[in-house]
Amino acid sequence: MKFRLLPASLTLSAAALVGIAVHEGYRERAYDDGVGVQTLGFGSTSREDGSPVRPSDRTDPVRALILLGAAADRKQMEMRECIGAVPLHQHEWDAFVSLAYNIGTTAFCRSTLVKKLKSQPPDYAGACREILKWTRAGGRELPGLVRRRQAEYRQCLGDAP
């Protein structure tokens, strides 16, 4: 039997970090993410010094993985604050971190997903279903986001391969 743990004791699994990297894809040169945000490596929007990515920035795979890990750590800290003491399974945490990495923690923390987690009793299945709603960028539904959200949803339910 798996037990849910408090977010303070959870950290993104290595497999989930690789999953984020695969979903994001790698780009050596900075690019516009489609909604006007300069992005680099595996979806990083910040440079090593914390400043925003500039159009002229470049990286290599090793530095990109370091940026990804640092960004994921920051997201997890912010998520712990907004989720509070709601216990989660590791697979739920991994799915939520992947979502928050992609949409940002501000959107994540203000979402209905977090409201469902914080309801009494927590609506875990409803929170997982909320992942499926985040398929749009720049006002249009993107097939890549649909696929990613379906994978995150399966992961959230514990059905991921």
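Predicted model: local features only at pLDDT ≥ 70, side-chain atom pairs only at ≥ 80, totals over all residues.
Strands E1 (27-32) and E2 (residues 38-41) run antiparallel and are joined by three bridges. Residues are numbered from 1 along each chain as its sequence is written, and side-chain values use heavy atoms, with hydrogens and water left out.

Back to the strands: Arg-27 has Gly-41 of E2 as its bridge partner, and Asp-32 sits opposite Gln-38, also in E2. Five residues separate E1 from E2 in a hairpin, and Gly-34 in the turn takes a positive phi of about 105°.

The loop between E2 and H2 holds Thr-59 and also Ser-44. Thr-59 is buried at a relative accessible area of 7%; buried means under 20%, exposed over 50%, and partly exposed in between, with a 1.4 Å probe and protein chains only. Setting aside neighbours within four places in sequence, Thr-59 is in contact with Tyr-26, Arg-27, Glu-28, Leu-40, Gly-41 and Ala-64, where contact means heavy atoms within 4.5 Å. Ser-44 counts as buried too, at 3% relative accessibility. Not counting residues up to four places away in sequence, Ser-44 touches Gln-38, Thr-39, Val-53, Leu-67, Leu-68 and Tyr-101.

Next comes the core. The largest nonpolar core has 31 residues, and Met-79, Ile-83, Leu-88, Phe-96, Phe-108, Leu-113 and Leu-117 touch the most other members. Such a core is a set of buried Ala, Val, Leu, Ile, Met, Phe, Trp, Tyr and Cys residues joined through side-chain atoms within 4.5 Å. Helices H1 (14-24), H2 (61-83), H3 (90-103), H5 (112-118) and H6 (124-130) each put in at least two residues. Leu-117, leaving out neighbours within four places in sequence, is in contact with Ile-83, Val-86, Leu-88, Phe-96, Pro-122, Tyr-124 and Ala-127. In the loop between H5 and H6 sits Pro-121, joined to Gln-120 by a cis peptide bond with omega of about -5°.

Then there is the largest pocket, with about 840 Å³ of space. On a 1 Å grid over the protein atoms alone, a pocket is an open set of points where a 1.4 Å probe fits, with protein on both sides within 12 Å along at least five of seven lines, and lining residues have an atom within 4 Å of a point. Its volume is the space filled by probe spheres set on the points, which are joined across faces, edges and corners. Of the 34 lining residues, Glu-24, Asp-33, Asn-102, Leu-145 and Arg-148 are the closest to the centre. H1, E1, H2, H3, strand E3 (136-137) and helix H7 (143-157) each supply at least two residues of the lining, with H7 giving the largest share, five residues. The lining splits into eleven nonpolar, twelve polar and eleven charged residues; Ala, Val, Leu, Ile, Met, Phe, Trp, Tyr, Cys and Pro count as nonpolar, Asp, Glu, Lys and Arg as charged, and the others, Gly among them, as polar.

Finally, Leu-142 lies in the loop between strand E4 (140-141) and H7 and is partly exposed at 24% relative accessible area.

Notes: Helix = DSSP H or I, 4+ residues; strand = E, 2+ residues; numbered from the N terminus. Pairing = 2+ DSSP bridges.
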